[in-house]
Amino acid sequence: MNNYICTTCGVQYETAEQAPDHCRICSEVRQYVNPNGQNWLTLEDMLEQGNYVNVIHPEESGLHSIHTTPDFAIGQTAYLIEGKTSNVLWDCVTYLDPATIAEIQDFGGINAIALSHPHYYSTQVEWAEAFGAKIYIHEDDKEWVTRPSERIEFWSGESIELDGDITLHRIGGHFKGAAVLEWHGGNNSQGVLLTGDIVRVAADRDWLTFMYSYPNFIPLPASTVSRMADQLQEMKFDRIYDAFHRIIDAEAAEKAQKSAKRYVAALSGELFET
Ligand SMILES: [Zn+2]
Ligand SMILES: [Zn+2]
């Protein structure tokens, strides 16, 4: 019996004798099936191969990024936040080895794992079991959980407080239950927003974007982007970290608003002539 992992999205499935015949996450318009065919492996295979390392890097006081090298599957970055009373892992990566567990235990372990959306569910249950943590997923994304666990708490409504210092907000868009994390104490209490790829930082680090599907280049409706921008306006942050380790260091709230306006103008044909 194995917990198979899809090598394209890095998401792990419930215990089974055989690998699933397809990956539910990849067989959907927001991801893609590898053109060379569906492939599976297990976490044990990755540990045996011995060619992966998790790099845990300090970003600012109370925040570390976690990234697997070489890149595996989608290649996202997770973040470990030291809140007032607990440590929260924002999003997750597939690879988990004893060295990672030992290093994170030195920071006091992980109390809660919060997910932006299904593409980063990875081996969240392995992480939750290794650290005795609870997993927080918005109930609107329940159907995408491929490895159920008693450790998963499905939250509802528009926001949930995880720690006096950390709040999750469902802002939707990329997925119905898509969430961002507002860290009040971050950035010398000017506030930090961790966005996954629900809001992505553009190449110039001056603009942001919002997409339904990144690999398949499908935009979101203008009305959805405007609603997301309205929700972001209610949050207090000056800095953003996204899922691909792109950072907007300052004035991120203003940049989110101007980016939403530009996006809507582009969709409605008011930004440029072509
Ligand atoms: Zn997949
Ligand atoms: Zn995604």
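Predicted model: local features only at pLDDT ≥ 70, side-chain atom pairs only at ≥ 80, totals over all residues.
Trainee: Which strands stand at the edges of the open sheet of six strands?
Mentor: The strand order in this sheet is 10-11-12-13-18-19, and the pairing is mixed.

Trainee: Is strand 11 mostly covered or mostly exposed?
Mentor: Ile166, Leu168 and Arg170 point one way from the strand, while Thr167 and His169 point the other way, and all are buried. Five of the five residues in strand 11 (residues 166-170) are therefore under the 20% relative accessible area that defines burial. Strand 11 is mostly covered.

Trainee: Which residue of strand 12 is the bridge partner of Arg170?
Mentor: Strand 11 and strand 12 (residues 179-183) run antiparallel and are joined by five bridges. In strand 12, Arg170 has as its bridge partner Ala179.

Trainee: How many residues apart are Arg239 and Glu60?
Mentor: The side chains of Arg239 and Glu60 form a salt bridge, with an N to O distance of 2.5 Å. This pair links distant parts of the chain, Arg239 belonging to strand 18 and Glu60 to strand 3 (residues 53-60), at a separation of 179 residues.

Trainee: Why do Arg239 and Glu60 count as buried?
Mentor: The cut-off for burial is a relative accessible area under 20%. Arg239 counts as buried because its relative accessibility is 14%. Glu60 likewise counts as buried because its value is 15%.

Trainee: Are Glu126 and Arg147 buried or exposed?
Mentor: Glu126 and Arg147 form a salt bridge in which the closest N and O atoms are 3.1 Å apart. The pair links helix 3 (residues 124-131), which holds Glu126, with the loop between strand 8 (134-138) and strand 9 (152-155), which holds Arg147. Both Glu126 and Arg147 are buried.

Trainee: Which parts does the pair of Asp206 and Lys258 tie together?
Mentor: Asp206 and Lys258 form a salt bridge, their closest N and O atoms being 3.5 Å apart. The pair ties together parts 52 residues apart in sequence, because Asp206 lies in the loop between strand 14 (200-201) and strand 15 (208-209) and Lys258 in helix 6 (residues 252-267).

Trainee: What is the length of the polar contact between the side chains of Arg200 and Asp242?
Mentor: Arg200 is located in strand 14. Arg200 is buried, with a relative accessible area of 16%. Its side chain and that of Asp242 are joined by a polar contact of 3.3 Å.

Trainee: Which residues lie nearest the centre of the largest pocket?
Mentor: The largest pocket has a volume of about 160 Å³. Its lining residues comprise seven nonpolar, three polar and three charged. Among the 13 lining residues, those nearest the centre are Gln31, Ile74, Tyr214, Pro215 and Phe244.

How values were computed
Residues numbered from 1 in each chain as written. Chains lettered and ligands numbered in written order. Heavy atoms only, no water. 1 Å grid on protein atoms, 1.4 Å probe; cavity = no way out; pocket = protein on both sides within 12 Å on 5 of 7 lines; lining within 4 Å. Points joined across faces, edges and corners; volume = space filled by probe spheres on them. Nonpolar A, V, L, I, M, F, W, Y, C, P; charged D, E, K, R; others polar. Pairing = 2+ DSSP bridges. Helix = DSSP H or I, 4+ residues; strand = E, 2+ residues; numbered from the N terminus. Salt bridge = Lys/Arg side-chain N within 4 Å of Asp/Glu carboxyl O. Buried < 20%, exposed > 50% of the residue type's maximum accessible area, 1.4 Å probe, protein only. Polar contact = N/O pair within 3.5 Å; in protein donor to acceptor, adjacent residues only side chain to side chain.
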